[in-house]
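Good morning, and thank you for coming.

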Amino acid sequence: MPVAEVPVPQVLADLAGALRTTDMYWPRHDDEDYVEVRALAWSRCREYLPDWPDAPELPEQQRQELIYAFVAEAYPPGAAGADVPGDGDVDPEVVRSLAHIFVDYGHGYITPGLLSWSPGSVALFLGDWLPRKTLLDDAQREVLPEALRRWVRFALDRREVDAAWIEPVVAAVDTHLPEFLAAANDESAWGPAKQIAAELTARGIDLTDKAAVNAVIGKLNAARLARSLTEE
């Protein structure tokens, strides 16, 4: 990666931001050396910790144009069928649904911008955010690995990143995919929203039907309260 001279305060601010982000995601480590080095790093950069940046607006039209461009470029002929030699028939709606997830994560969690994927952001996406936040069906799981590889290439190509620096990001998909597969099947690792979505899906509830969703959530909350009262 090209090396550029950067003011020390900016470097320390970037380091503090990275430490804050990993504190949000990664479990605490018990390794004594790791804890000591991390504490030292925090002591050097904490005073430079920047404010949380405001997420830039992402108009719906811009989101849709970006997703359409991805499907058209990465799975030609895109909306016409996405019949790619060697891939079989890939349902463009499945690809499009995954692209929405990639955009949601990039917009909300990749600070430099939703197209600025890195090996670290791939690791966080597959190892933490995706299994904790989303509920993928079988078709989405099957397409996910290749769709994410193609999304990363598409995103970084749009940022005009040299090919040599794109390959490590693409390789990170295969490196961290086993973490996703393990966590996605571990219900104890799911966030509350995903647990509720899974319960609603198991009951055959249409997640777009707000009245039905609210009715079932009310029953679930009442059942949890009743259990807590009987256990006391």
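One aromatic cluster is formed by Phe70, Tyr75, Phe102, Tyr105, Tyr109, Trp117, Phe125, Trp129, Trp151 and Phe154. Please bear in mind throughout that this is a predicted model. The structure holds 13 aromatic pairs, and I shall present two of them.

The pair of Phe70 and Tyr75 is edge-to-face, with 6.3 Å from centre to centre and 80° between the planes. Are these two residues buried or exposed? Both Phe70 and Tyr75 are buried. Tyr75 also has a charged neighbour: Arg150 lies over the face of its ring, at 4.4 Å from the ring centre.

The second pair is that of Tyr105 and Trp129, which is tilted, at 5.3 Å from centre to centre and with 55° between the planes. Which parts of the chain does this pair tie together? Tyr105 belongs to helix α4, residues 92-109, and Trp129 to helix α5, residues 119-133, so the pair links parts that are 24 residues apart in sequence. Tyr105 has a relative accessibility of 1% and therefore counts as buried, since the cut-off for buried is under 20%. Trp129 is buried as well, with a relative accessible area of 8%.

Let us move to the loop between α4 and α5, where Ser116 is found. Ser116 has a relative accessible area of 11%, so this residue is buried. What does Ser116 touch, leaving aside residues up to four places away in sequence? Its contacts are Ile110, Ser121, Leu156 and Arg159. With Arg159 there is a polar contact from side chain to side chain, at 3.2 Å.

The next loop to consider lies between α5 and α6 (138-158), and it contains Thr134. Thr134 is buried, with a relative accessible area of 12%. Where does its side chain reach? The side chain of Thr134 reaches the backbone oxygen of Leu130, at 2.7 Å.

I now turn to helix α2, residues 32-45. This helix has 14 residues and reaches 20 Å from its first C-alpha to its last, close to the 20 Å expected at 1.5 Å a residue. Its buried residues are Arg38, Ala41, Trp42 and Cys45. Why do they lie on the same side of α2? They cover an arc of only 100° around the axis, and therefore they share one side of the helix.

Finally, let us consider the chain as a whole. It has nine helices and two strands. Read from the N terminus on, the elements run α-α-α-β-β-α-α-α-α-α-α. How many residues does the chain have, and what share of them count as buried? The chain has 232 residues, of which 37% count as buried. Among contacts between residues at least 6 apart in sequence, 64% join residues at least 24 apart.

Thank you for your attention.

Conventions. Residues are numbered from 1 along each chain as its sequence is written. This is a predicted model: local features need pLDDT of at least 70, side-chain atom pairs count only at pLDDT 80 or more; totals for chains, interfaces and linings use all residues. Side-chain values use heavy atoms; hydrogens and water are left out. Rings of Phe, Tyr and Trp (its six-membered ring) pair if their centres lie within 6.5 Å; planes under 30 degrees apart count as stacked, over 60 as edge-to-face and the rest as tilted. Buried means under 20% relative accessible area, exposed over 50%, partly exposed in between (1.4 Å probe, protein chains only). Helices (H or I, at least four residues) and strands (E, at least two) are DSSP runs, numbered from the N terminus. A charge sits over a ring if NZ of Lys or CZ of Arg is within 6 Å of the ring centre and within 35 degrees of the ring normal. A polar contact is a pair of N or O atoms within 3.5 Å; within protein, one must be able to donate a hydrogen and the other to accept it, and residues adjacent in sequence count only if both atoms are side-chain atoms. Contact means heavy atoms within 4.5 Å. The expected span of a helix is 1.5 Å times one less than its number of residues. The arc is that of the directions from the helix axis to the C-beta atoms.
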